[in-house]
Every structure is written in structure tokens, then in C-alpha cells.
Amino acid sequence: MGRSKLVKNLRYLVIGWAAGAGTVILMYWIWPAIFPGISRPEHYDTVDPGMWFIVGLTLLLATPGALIGGFIGSRLPREGGQTEQSLAAALLGIVFAIPFACYGLWVLSGY
């Protein structure tokens with residue numbers, strides 16, 4: 001595999017990961033409306049995790065899904081060009097990251 005093909009594939013992986021990471025951050029921002037336990041961690045007898053710990057761990061959980069989504073999304077529209085491949089990589093990065101993000105936020109929100 002040539003250097004340009006490797007850089008091209010790496011670009012789509014980064015696009016998928018960035019879209020997935022943006023989705024995780026957006027979900028963290030709206031998560032207290034869905035599960036309000038994260039808003040009041042003093043209700044539980046455990047030590048409450050910090051915001052950066054929750055976001056970091058959730059990003060870590062969602063990273064494989066976002067990378068796989070970016071790779072698969074770059075392979076779907078072969079005839080559309082780079083713009084369509086980038087868009088598909090971003091969309092599938094989001095779709096594949098959402099289940100992991102939901103699980104991570106649910107587990108860390110105090111159930």
C-alpha cells in the first residue's frame with residue numbers, strides 16, 4: 001500500500017473519530033436531561049467521578065466504534081468522490097460511536 005493511500009485512509013479514520021468524539025461531547029452535554037442522576041451525584045454513597053473522567057472514559061469506550069465507522073464509511077461511496085466519502089465516514093463514525101457513548105454515560109451517571 002502506497003503512502004498516499006495510507007494517508008487517505010488515515011484521514012477517514014480521523015474524520016470518523018472526530019465525528020464520534022463530537023457526538024460523545026454533545027451527548028454528555030444533554031445527558032442530564034435524560035438521566036438526572038449525573039446532576040446530583042451527592043445522592044449516592046460513592047465518590048462521584050469528575051466531568052473530565054466521565055468524558056475521557058466515554059471517549060475511550062467510543063473510539064473503536066468511531067474508527068471502525070470512519071473506515072467503513074470511507075468504503076461505501078466509491079463513485080461520489082472525497083466529499084461524499086468524508087461525509088459517510090463522519091456519519092458512520094457517529095452511528096458506531098453512539099451505543100458505546102450511551103453505555104459509558106449510563107454506567108457513569110449513577111444509574
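**Figure 1. Val14 in helix H1.** Val14 is a residue of helix H1, where helices are DSSP runs of H or I with at least four residues, strands are runs of E with at least two, and numbering starts from the N terminus. With a relative accessibility of 49%, Val14 counts as partly exposed; the class lies between buried, under 20% relative accessible area, and exposed, over 50% (1.4 Å probe, protein chains only). Val14 and Ala66 stand 52 residues apart in sequence, and their C-alpha atoms are 8.9 Å apart in space. The model is predicted, so that local features need pLDDT of at least 70 and side-chain atom pairs count only at pLDDT 80 or more, whereas totals for chains, interfaces and linings use all residues. Residues are numbered from 1 along each chain as its sequence is written, and side-chain values use heavy atoms, with hydrogens and water left out.

**Figure 2. Overview of the chain.** The chain holds three helices and zero strands, and its pattern along the sequence reads α-α-α. Of its 111 residues, 33% count as buried. Contact denotes heavy atoms within 4.5 Å. Among contacts between residues at least 6 apart in sequence, 75% link residues at least 24 apart.

**Figure 3. The packing of H1 against H2.** Two packed helices are described by the angle between their axes and the distance between the axes. The axes of H1 and H2 cross at roughly 140° and come within 7 Å. Axes are lines fitted to C-alpha atoms, for helices over the stretch in contact, and angles between N-to-C directions run from 0 to 180 degrees. H1 and H2 are therefore oblique to each other; angles under 35 degrees count as roughly parallel, over 145 as roughly antiparallel, 65 to 115 as roughly perpendicular, and the rest as oblique. The contact of H1 with H2 comprises 15 nonpolar residues, seven polar and one charged. Ala, Val, Leu, Ile, Met, Phe, Trp, Tyr, Cys and Pro count as nonpolar, Asp, Glu, Lys and Arg as charged, and the others, Gly among them, as polar.

**Figure 4. Ile25 in helix H1.** Ile25 belongs to helix H1. This residue counts as partly exposed because its relative accessibility is 49%. Ile25 and Leu59 are separated by 34 residues in sequence, with 8.4 Å between their C-alpha atoms.

**Figure 5. Gly20 and its surroundings.** Gly20 is located in helix H1, which spans residues 3-34. Its relative accessible area of 2% makes Gly20 buried. Residues up to four places away in sequence not counted, Gly20 touches Ala66, Gly93, Ile94 and Ala97. A distance of 8.6 Å separates the C-alpha atoms of Gly20 and Leu92, which lie 72 residues apart along the chain.

**Figure 6. The packing of H1 against H3.** The axes of H1 and H3 are 7 Å apart, and the two helices pack at an angle of about 40°. H1 is therefore oblique to H3. The crossing in which H1 passes H3 is right-handed. By class, the residues of the contact of H1 with H3 are 16 nonpolar, seven polar and two charged.

**Figure 7. The packing of H2 against H3.** Helix H2 (residues 51-75) packs against helix H3 (residues 82-108) at an angle of about 150°, and their axes are 6 Å apart. H2 is therefore roughly antiparallel to H3. H2 and H3 make a right-handed crossing. Their contact has 17 nonpolar and nine polar residues, and no charged residues.

**Figure 8. Thr58 in helix H2.** Thr58 is situated in helix H2. Thr58 counts as buried because its relative accessibility is 0%. Apart from neighbours within four places in sequence, Thr58 is in contact with Val24, Ala101, Gly104, Leu105 and Leu108.

How values were computed
Left-handed = near helix turned anticlockwise from the far one by under 90°.
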